[in-house]
Amino acid sequence: MPITFKPLWKLIIYLDMTKEEMRIRAGLSPATIAKLGKDGNVTSAVRAKICIALDCRLSDIAAIVPEEPAE
């Protein structure tokens, strides 16, 4: 199942933070931010760094996108 990081972007807006501020606080590379922006695969370590930096849970930064049933 695909994962979306839309909750992460909503959270940083709520926290009045830019992507760059979040990137620096979490110690992530620009390439990792690009992957997140495209809902790409990132490691558990990356997700953990984000949660620690933002003091949040995994469910606050990612959501599972249900797949369309095959017909």
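Glu-20, at 41% relative accessibility, counts as partly exposed, a class that lies between buried (under 20% relative accessible area) and exposed (over 50%), as found with a 1.4 Å probe on protein chains only. The model is predicted, so local features are given only at pLDDT of at least 70 and side-chain atom pairs only at pLDDT 80 or more, while totals for chains, interfaces and linings use all residues. Residues are numbered from 1 along each chain as its sequence is written, and side-chain values use heavy atoms, with hydrogens and water left out.

Glu-20 forms a salt bridge with Arg-23, their closest N and O atoms being 2.8 Å apart; the term requires a side-chain nitrogen of Lys or Arg within 4 Å of a carboxyl oxygen of Asp or Glu. The two residues are three apart in helix H2, and therefore separated by about one helical turn. Arg-23 is buried, with a relative accessible area of 17%.

Helix H2 spans residues 19-26, and Met-22 and Ala-26 are buried in it along with Arg-23. Seen down the axis of H2, these buried residues fall within an arc of 100°, so they line one face of the helix, the arc being that of the directions from the helix axis to the C-beta atoms. On the other side of H2, Ile-24 and Arg-25 are exposed. The cover over the buried residues includes helices H1 (6-14), H3 (30-37) and H4 (44-54). After H2 comes Gly-27, whose phi is positive, near 70°.

The whole structure holds two salt bridges. Asp-60 and Arg-57 form one of them, with closest N and O atoms 3.4 Å apart; Asp-60 is partly exposed at 26% relative accessible area, whereas Arg-57 is exposed at 56%.

Notes:
Helix = DSSP H or I, 4+ residues; strand = E, 2+ residues; numbered from the N terminus. Contact = heavy atoms within 4.5 Å.
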